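Please look at the sequence and the structure shown here, and follow the explanation below with both in view.

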Amino acid sequence: MQILMVGYGAMAKVVMQALPKEMAIRWLVVREGKVQAVQHEVGSSIQVVSKIDDIQGTPDAVIEVAGQSALQMHLPKAIAFGVPIGIISVGAFADDQWHQSMVVSARQYGSRLHILSGAIAGVDALSAAKHAGLDEVIYQGRKPPAGWQGSHAEHLVNLSELTEAVTFYRGTARKAAQLFPANTNVAATLALAGIGMDQTTVELIADPSICRNQHQVKARGAFGQLELVIEGDPLKDNPKTSQLAAMSVVRFCHDLINPIIIA
């Protein structure tokens with residue numbers, strides 16, 4: 001099975017090392033200024049391009065691990081292949097108009113957009129529970145200050161001088177995804193699985209006392225109550241991203257070829 005991957009950062013490199021033997025990355029889509037350097041790094045067996053229009057051949061599946069802006073740029077072209085697409089930068093779907101246009105396009109071309117669970121668990125339970133009725137979903141994202149560096153959080157709190165945990169954002173999942181595009185894909189995933197972008201409450205916390213990214217989910221509804229906490233190790237080369245998020249991409253790849261799928 002030949003895979004087109006959008007993005008070549010820390011997560012992409014972890015995923016490439018963990019793919020099932022029946023799969024191979026044949027195309028990489030990267031920023032225009034990085035094409036030559038990445039091509040030199042990965043060798044001639046992979047075609048590196050900055051635009052999907054430039055690839056030679058047709059993929060059997062597409063993986064996106066590039067960030068919200070890259071997803072919004074490349075997904076329309078990827079959908080036209082009519083193949084399964086695994087998406088990690090789920091916060092892009094906070095743009096409702098773009099979201100709806102991608103749904104229309106996927107139906108037109110027969111493509112399936114797989115919203116990957118990323119760094120969180122319980123997405124399957126939340127998605128099932130909404131069919132009975134959900135009353136409330138609260139997501140709390142807690143990271144060390146380094147995990148928020150380079151984000152909008154730097155405009156809200158002095159990350160380098162924190163001595164105790166500070167909640168610097170409380171609001172909707174939609175607004176969180178727009179303000180913190182590199183940090184809130186989990187919130188967006190939970191919102192799509194549950195009661196929506198505008199009904200899901202998000203709290204974001206910088207905590208100097210922890211060394212792992214922590215995700216807490218609370219939900220209640222006709223099904224009962226759900227509460228879970230995950231403390232995930234970040235990728236060595238990207239403190240904003242969880243190891244588990246990378247493994248959710250690997251799981252998607254295995255599901256494409258396995259006769260039994262754990263849903």
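Q2 has A24 as its bridge partner in strand β2, in what is a predicted model. The strands involved, β1 and β2 (residues 24-29), run parallel and are joined by five bridges. Strand β1, which covers residues 2-6, is largely enclosed by the rest of the structure, because four of its five residues are buried.

These two strands belong to an open sheet of six strands, which is ordered β3-β2-β1-β4-β5-β6 and paired in the parallel sense. At its edges lie β3 (47-49) and β6 (113-115), each of which pairs on one side only. If direction is ignored, neighbouring strands of this sheet are turned against each other by 25° on average. Towards β6, strand β5 (residues 85-87) forms three bridges in a parallel pairing, and there I87 stands opposite I115 of β6. Helix α3, made of residues 68-79, lies across β1, β2, β4 (61-64), β5 and β6, and runs at about 165° to β5.

A further step leads to a pair of helices. Two packed helices are described by the angle between their axes and by the distance between those axes. For helix α1 (residues 10-18) and helix α8 (residues 243-257), the angle is about 40° and the axes are 9 Å apart, which means that α1 is oblique to α8. The crossing of α1 past α8 is right-handed. On the α1 side, M11, V14, V15 and A18 make the contact, while α8 contributes A245, A246, M247, V249, V250 and H254. Sorted by class, this contact of α1 with α8 holds nine nonpolar residues, one polar residue and no charged ones.

Terms used
Residues are numbered from 1 along each chain as its sequence is written. This is a predicted model: local features need pLDDT of at least 70, side-chain atom pairs count only at pLDDT 80 or more; totals for chains, interfaces and linings use all residues. Side-chain values use heavy atoms; hydrogens and water are left out. Axes are lines fitted to C-alpha atoms, for helices over the stretch in contact, and angles run from 0 to 180 degrees between N-to-C directions. Angles under 35 degrees count as roughly parallel, over 145 as roughly antiparallel, 65 to 115 as roughly perpendicular and the rest as oblique. A crossing is left-handed if the near helix is turned anticlockwise from the far one by less than a right angle, and right-handed if clockwise. Contact means heavy atoms within 4.5 Å. Ala, Val, Leu, Ile, Met, Phe, Trp, Tyr, Cys and Pro count as nonpolar, Asp, Glu, Lys and Arg as charged, and the others, Gly among them, as polar. Buried means under 20% relative accessible area, exposed over 50%, partly exposed in between (1.4 Å probe, protein chains only). Two strands pair if DSSP finds at least two bridges between them.
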